[in-house]
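Student: I have a protein model open and want to learn how to read it. Where do we begin?

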Amino acid sequence: MTRLGTPRLHLRATTSTNDRARALAAAGAPHGTLVTAAEQSAGRGRQGRTWSAPPGRALLMSLVLRSPDRMLPLAAAVAVAEAAGAEAAIKWPNDVLLGGRKVAGILAEARPQDGWAVLGIGMNVAVRIEELPDELRGTAATLGLEARDLDTVLGRVLAALERSFALDHAALLDAWRARDALLGREVSWADGSGRAAGIDGEGRLVVRLPAGGSVALESGEVHLGGVAR
């Protein structure tokens, strides 16, 4: 397969890099095709959230991946955390945190019936927290770099993805677990609460329940603390 990041389409502005990458994938774009943008007006996160970033200060990227592995979200989180630095942690399933605040988000949109997936990554590289909307200032983190560093960070992310995708199943799980931000902490979700006990071999979040036993969460939003918000 071709190296990640080639060919590359860079846009001054777009609705969403994932939207453009999905269109390219459907049209037959090769594995590794990269879409980047300086600004996006309708960036998406998980659970239908928007991704907000000042123009030219965040890494906004999407990759076309052919024959994606089912562990793609975990592999992507490991790579993005590696690129963000030694202190970066992963909040299941794939938010990347610095100091407990979100520095990067990942959205994988797969079309297994068509043999492709699009991997979207947004990372606050040169974002100034005071420039963000009020509701994000208390939860967002930034690498604290300059706009000129965006391509350098992009190179780090692509190289880390290459390494992460090459890991075998066990090594990938170990790498993810080494950065687990929720392990041992009280968490809640729409249907309950408990104490996070890491991920199982399928990448599901295992939660020990207060009354005994455990549950493995396939997907969904998890919050720190015992009451869902």
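Student: How many helices and strands are there in the protein chain?

Tutor: Keep in mind that this is a predicted model. The protein chain has 4 helices and 12 strands. Its radius of gyration is 17 Å, close to the 17 Å that the globule rule gives for 229 residues, so the chain is as compact as a globular protein of that length. Along the principal axes, its C-alpha atoms fill a box of roughly 50 × 40 × 30 Å.

Student: What percentage of the residues count as buried?

Tutor: Buried means under 20% relative accessible area. Here 47% of the 229 residues count as buried. The accessible surface is about 10800 Å², and carbon and sulfur atoms hold 51% of that area.

Student: How many positive and negative side chains are there?

Tutor: There are 27 positive and 25 negative ones. The centres of the two sets lie 2 Å apart.

Student: Which residues does a cis peptide bond join?

Tutor: Look at omega. Pro7 sits in the segment before β1 (8–11). Another joins Trp92 and Pro93, with omega about 0°. Pro93 is in the loop between β4 (89–91) and β5 (95–98).

Student: Is Ser67 buried or exposed?

Tutor: Exposed means over 50%. Ser67 has 58% relative accessibility, so it counts as exposed. Ser67 is found in the loop between β3 (58–66) and α2 (72–84). Check its phi too: the value is near 50°, which is positive in a residue other than glycine.

Key
Residues numbered from 1 in each chain as written. Predicted model: local features only at pLDDT ≥ 70, side-chain atom pairs only at ≥ 80, totals over all residues. Heavy atoms only, no water. Helix = DSSP H or I, 4+ residues; strand = E, 2+ residues; numbered from the N terminus. Rg over C-alpha atoms; globule rule 2.2 N^0.38 Å. Buried < 20%, exposed > 50% of the residue type's maximum accessible area, 1.4 Å probe, protein only. Areas by Shrake-Rupley, 256 points an atom, 1.4 Å probe, with all protein chains shown as cover. Lys, Arg positive; Asp, Glu negative; His and termini not counted. Charge placed at Lys NZ, Arg CZ, Asp CG, Glu CD.
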